[in-house]
Amino acid sequence: MKRIIAMYLRVSTLDQARNGYGLGDQEVQCKKYIDLYYPNDEVEIYKDDGYSAKNLERPEMARMLDDMKKGKIHTIIAFKLDRLTRNVVDTYKLIKQVMDYNCSLVAVVDRLDITSANGRMFVGLLSLISQWEREVISERTIAGLEQMVRSGKYPCGGKAPYGWNKTEDGKLVINEDEAEIINYMTDCYIEGYSLKDISKMVFAKYGYRKSWRHLKELLIRKLNIGVFEFHGVSYDDFVPPIMNLNKYNELLKMAAHREVHSLEKQTYTFHHLVYCSCGEMMQHVCTIKHNSGVSTIYRYYYCSKCDKRVNQSFLEKEIFETLFLEEFRIKTIEKHKKQEQILSSLESKKEEVFNAYKENVVDFDTYKFTMAKLEKERNVALKELSSLDIVSNSKYFEMTQEEKYAYVHDMISKIIFDFDEQIVLSIQFKRK
Ligand SMILES: [Zn+2]
């Protein structure tokens, strides 16, 4: 099948009035170009009369793209680029499609031919601009949502957050029953009940089932005091609060206290191991930061004498690299030792067997057999030792908190940190 040329023409009624050129004029210009460059090719005309270039949904445009996808067309000729599309994103989309189907595109008046070097540069620029446009559009979407928030409307789709109902105009009003449950749970938490207990108590009293794992989040989200956090901005008095500020502060204090003193001490990877270069053993402190109802806990090691603290993740990064090297070193030494042991025990066994043979305790066949067996044993042992399993940093990131805690406490006896230099001065390893 010989591929043909597509001539695309579009005119809106407004164009005709403003610019004076209609379909006829476009057709003449395109025809001239075709006569000049493709005098022997068959031409099919696609004409959208009275359509705007707002998008690509035009009947003749659709038919042309369809023909192109079927491989019927080798070149699309248009009068001007703005006959094809009117925005950068659509232009880029169209040109990309055209290129994907191994077709070329010429805009006669714009002197654009995407197969030329200039044309390719133009396509590159288009892709950048269209990327930029898309980003601007998504910024606009966020801005639109922020506008919603400013006018007091809840911008997240779906159900209202627990404790509120959504009104028809998108605002949140208190759901008295749910608000009572949240307050009851908060009271219990401040009194010292565990999250698991509270979960059971609430079910017994209200029939409301909530996994204890998500309970804390529900209680400490800022929305409870009316504050909504959205894209890094806090909106005070966004919703009617269901908890008073005093109670909320008590709750946070309690949460921070439990963080340090309960079983959760394991969340401090270097519990009781970190010392300040001034000599003090460091204590645990944590801060809780809230963002869009999600709380994040930041853990620190704190020297009360210097009144300075160091972030746990920072320490972890600093320490684990050294730790893995040390582990590697220890394992290597251990393996060398074992290797030597195996070799020397083998030598003495060989000697025994040889002596036994020499003194006619065993015959030659037994001697030969035993020697071969020993040699085989030795090879197996050495092979096992030669595969050193190298520990990597990625291993650390795969560990659960409990594993990290156990690993660190198995290896390390003391860590000294210096605040002035912001470095780990020394790591003391347990003797192995
Ligand atoms: Zn200190």
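This short talk covers the strands, a helix pair and the nonpolar cores of one model.

The model is predicted: local features need pLDDT of at least 70, side-chain atom pairs count only at pLDDT 80 or more, and totals for chains, interfaces and linings use all residues. Residues are numbered from 1 along each chain as its sequence is written.

Strands first. Helices (H or I, at least four residues) and strands (E, at least two) are DSSP runs, numbered from the N terminus. Strands pair if DSSP finds at least two bridges between them. β14, residues 412–418, pairs with β10, residues 274–276, in the parallel sense over three bridges. There, Val 274 has Ile 415 as its bridge partner. β14 also runs antiparallel to β15, residues 423–429, with six bridges. Ile 412 is bridged to Phe 429 of β15. Four residues lie between the strands of this hairpin, and Gln 422 takes a positive phi near 55 degrees.

Now the cores. A nonpolar core is a set of buried Ala, Val, Leu, Ile, Met, Phe, Trp, Tyr and Cys residues joined through C-beta atoms within 7 Å. Buried means 20 or more other C-beta atoms within 10 Å of a residue's own, with C-beta atoms placed from the backbone. The largest core has 29 residues; Met 7 and Ile 77 are among those that touch the most other members. β1, residues 4–11, and α3, residues 59–69, are among the elements that each supply at least two residues. β1 gives the most, with six. Apart from this core lies another, of 16 residues, including Phe 270 and Phe 417.

Definitions and conventions
Buried ≥ 20, exposed ≤ 12 C-beta atoms within 10 Å, placed from the backbone.
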